[in-house]
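Here is a short briefing on sheets, aromatic pairs and nonpolar cores. Please keep the sequence and the model at hand while reading.

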Amino acid sequence: MTIKKIGSLLLLTLLAFVFVTGGIQPEAHAMVHIDVDGGSSHTIVLKADGTVWTWGYNRRGQLGDGTYVDKYSPVKVPGLNNVKKVAAGTMHSLALKYDDTLWAWGYNWYGQLGDGSTDRRKNTPVQVMGDVSSMSAGLGHTVILKNDGTVWACGDNNSGQLGNGTTTSSLVPVQVSGLTDVIAVSAGWMHNIALKSDGTVWGWGFNSYGQLGVNDNITRYIPVQMQITDVVSIDANYYQSYVKKSDDIVWGAGYNVQGQLGTAIGSYHLLPIQIIGSASQISGGRRFGVVIKNDDSVWVWGENDFGIFGDGTSDSLFHPASQVPNFTDVSLIGSGGGHNIAVKNDGTILTWGYNNKGQLGDGTTVDKHVPTEIPNFNLFN
């Protein structure tokens, strides 16, 4: 959830690729998108042809395939085409189409699907709203960036996740107070962060562990400015927030009991602290963070539950940032609650970590302690 993830979207100029390989695009677009994200126990990916594929836990309909049956291998979301971005919440999923309409499916207990319905779950996509630029999904809420730079949110608001100064949940998107000129949004479990065009970061919602980065642990019901500037990408996770500055150094604030901020010092941090440099993309899960570096290598920090470090080991100890061995040429990274999803330059997908519900997509429910390729599946064909 990012659990869905801002900064995890790879924008590729693939027209030459499509022409040479004979790939089919449902509509002509100057740029082609691929994307990956992970929920608590499911995975969603976007192929270059604009189709959406999912796998893993499905008891809330989060796979969007018209069933409530878990899937251990990729399945196509029927009837959903011309998509340019996807996102996964804990148990719901989102897709943004080229016509800028937002679609949602899965768990809807709090109204996080944003379609105004009180259905507790939906196993096929429903349209939410138009004029959307980007989006992210949390535990029980969704945050939406519109083309005019304003931010909207729907679903659970018990901790101020909707950012409108109340604790009233909403079945439809409501505008977040006072935010304009926003270029990216990211949702954690019960908090959100937004990046403005001036490089400042603003956060709202649950803040008991300092994940808003404002030097206190007071929950906020309207956005407040994080104490960091010159930021170019963001990624909110369970109870922590990651930001990358223009010098490619990643900083983090919030929960750190398992070393989510890359240090064994302090159970939480109220202000951003430096984690790792030379970063290209950032992501993370419940107990870990992960980056692709500028040399296309992958580095992980935090707790090594379920083999999330990808080095063949598994333990419940803190580990500082270390490189996933023998794993390069990675162009895109996404994370779920306890698993990672990586795309190589050739479009192959490798996953590793927790696999109790088939979220790794390799046809099994066996945890993987090293990156493992999903067989017969490629984002470019």
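Strand S19 (residues 240-245) and strand S20 (residues 250-255) run antiparallel and are joined by five bridges. Strands here are DSSP runs of E with at least two residues, numbered from the N terminus. Two strands pair if DSSP finds at least two bridges between them. This is a predicted model: local features need pLDDT of at least 70, side-chain atom pairs count only at pLDDT 80 or more, and totals for chains, interfaces and linings use all residues. Residues are numbered from 1 along each chain as its sequence is written, and side-chain values use heavy atoms, with hydrogens and water left out.

**The sheet around S19 and S20**

- Lys244 has Val250 of S20 as its bridge partner.
- The open sheet has four strands in the order S18-S19-S20-S21, with antiparallel pairing.
- Strand S18 (231-236) and strand S21 (268-276) are the edge strands, and each pairs on one side only.
- From one strand to the next, the twist averages 20°. Axes are lines fitted to C-alpha atoms, and angles run from 0 to 180 degrees between N-to-C directions.

- Strand S23 (residues 288-293) and strand S24 (residues 298-303) run antiparallel, joined by five bridges.
- Val298 in S24 is the bridge partner of Ile292.

**Aromatic pairs**

- The whole structure holds 13 aromatic pairs. Rings of Phe, Tyr and Trp (its six-membered ring) pair if their centres lie within 6.5 Å; planes under 30 degrees apart count as stacked, over 60 as edge-to-face and the rest as tilted.
- Tyr209 and Tyr239 have ring centres 5.2 Å apart and planes at 45°, so this pair is tilted.
- Tyr209 lies in the loop between strand S16 (201-205) and strand S17 (220-225), and Tyr239 in the loop between S18 and S19, so the pair ties together parts 30 residues apart in sequence.
- Tyr209 is partly exposed at 26% relative accessibility, while Tyr239 is buried at 18%. Buried means under 20% relative accessible area, exposed over 50%, and partly exposed in between (1.4 Å probe, protein chains only).
- Tyr239 and Tyr255 have ring centres 5.9 Å apart and planes at 75°, so this pair is edge-to-face.
- Tyr255 lies in strand S20 and Tyr239 in the loop between S18 and S19, so the pair links parts 16 residues apart in sequence.
- One aromatic cluster is formed by Trp189, Phe206, Tyr209, Tyr238, Tyr239, Tyr255 and Tyr268.

**Charges over rings**

- The charged end of Lys47 sits over the ring of Trp53, 4.7 Å from its centre.
- Lys293 lies over the face of Trp299, 4.2 Å from the ring centre.
- The criterion is NZ of Lys or CZ of Arg within 6 Å of the ring centre and within 35 degrees of the ring normal.

**Nonpolar cores**

- The largest nonpolar core has 15 residues; Ile34, Val36, Val45, Val343, Ile349, Phe377 and Leu379 touch the most other members. A core is a set of buried Ala, Val, Leu, Ile, Met, Phe, Trp, Tyr and Cys residues joined through side-chain atoms within 4.5 Å.
- Strand S2 (32-38), strand S4 (52-56), strand S27 (339-344) and strand S29 (368-378) each supply at least two residues of this core.
- S2 gives the largest share, three residues.
- Apart from this core lies another, of 14 residues, among them Ile292, Val298, Phe309 and Leu350.
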